[in-house]
Structures are given as structure tokens and as C-alpha cells.
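Reader: I am new to this structure and would like to know what stands behind the words used for it. Could you take me through them?
Author: Gladly; here it is.

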Amino acid sequence: MSRTVTIYDSLGGNNKALFDLFCQFMCQRGQIVKDGLEKISSELKAPPCNKQRHGNSCGVFALMTAKCLVIKKHPTMLRQAHDSVYRD
């Protein structure tokens, strides 16, 4: 509803290029689909989230972050020590 995109990156990368591509896609999509979603915030939001220590934890961290957002907890609540719970 706020027409914003928030990027949670457990690797802590620079997501500016990805965000710019997403904005371009949404503008082009808006020429075909008239639902107002082409008008998103042009501000890149990348709030703090937990950083993974292993290169093979991306999916697990995505699930942990999603769970925190759904239950309305801060995404830094779950850490690397919790990833084994999500792997089982």
C-alpha cells in the first residue's frame, strides 16, 4: 500500500543496481498493466538485518527474515545460530 520496496540482504551487499533494474521493470510494466504499481518510492530502503556467515545460508536467512516480518518482529531477532532449526 505504501508503494515502497524494502531489500533485506543477509550478505550485506550493495543493492542499488538491483533496485534500479526493479524500478525500470516496474515502469515498463506500468505501460501495460494499469494498476498504479509503477509509482513506487525511488528511495532504496535496506534496513538492518542479520548477516549470514556462510555462503550456503541465503535461503534459510530469507525464510527467517520472512518469518520475522510476518510475526511483526525485527529481522535481527534471528541469527546464524538459529539457521539449523530452519534446515531440519
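Author: Let us begin with a definition: helices (H or I, at least four residues) and strands (E, at least two) are DSSP runs, numbered from the N terminus. With that in hand, the elements of the chain run α-α-α from the N terminus on, and the secondary structure comes to three helices and zero strands. The model is predicted: local features need pLDDT of at least 70, side-chain atom pairs count only at pLDDT 80 or more, and totals for chains, interfaces and linings use all residues. Residues are numbered from 1 along each chain as its sequence is written, and side-chain values use heavy atoms, with hydrogens and water left out.

Reader: What makes S10 buried or exposed?
Author: Buried means under 20% relative accessible area, exposed over 50%, and partly exposed in between (1.4 Å probe, protein chains only). S10 has a relative accessible area of 12%, so S10 is called buried. Of the 88 residues of the chain, 28% count as buried.

Reader: Where does S10 lie, and which residues is S10 in contact with, leaving aside its neighbours within four places in sequence?
Author: S10 lies in the segment before α1 (16-32). Contact means heavy atoms within 4.5 Å. Leaving aside neighbours within four places in sequence, S10 is in contact with C49, N50, K51, Q52 and F61. The C-alpha atoms of S10 and N50 are 5.7 Å apart in space, though the two are 40 residues apart in sequence. For the chain, 60% of contacts between residues at least 6 apart in sequence join residues at least 24 apart.

Reader: Why is K72 called exposed?
Author: K72 has a relative accessible area of 74%, and the mark for exposed is over 50%, so K72 is called exposed. K72 lies in the loop between α2 (58-70) and α3 (83-87). Its phi is near 60°, a positive value in a residue other than glycine.

Reader: Why do D20 and K16 count as a salt bridge?
Author: A salt bridge is a side-chain nitrogen of Lys or Arg within 4 Å of a carboxyl oxygen of Asp or Glu. The side chains of D20 and K16 meet at 2.8 Å, N to O, so the pair counts as a salt bridge. The structure holds one salt bridge. D20 and K16 are separated by about one helical turn, because they are four residues apart in helix α1. D20 counts as partly exposed at 29% relative accessibility, and K16 counts as partly exposed at 42%.

Reader: How do you know that C27 is in no disulfide?
Author: A disulfide is a pair of cysteine sulfur atoms within 2.5 Å. The structure holds zero disulfides. For C27, the nearest cysteine sulfur is that of C23, 6.8 Å away, so C27 is in no disulfide. C27 counts as partly exposed, at 44% relative accessibility.

Reader: What lines the largest cavity?
Author: On a 1 Å grid over the protein atoms alone, a cavity is a set of points where a 1.4 Å probe fits but cannot get out, and lining residues have an atom within 4 Å of a point. The largest cavity is lined by N50, F61, M64, T65, P75 and L78.

Technical notes
On a 1 Å grid over the protein atoms alone, a cavity is a set of points where a 1.4 Å probe fits but cannot get out, and a pocket is an open set with protein on both sides within 12 Å along at least five of seven lines; lining residues have an atom within 4 Å of a point.
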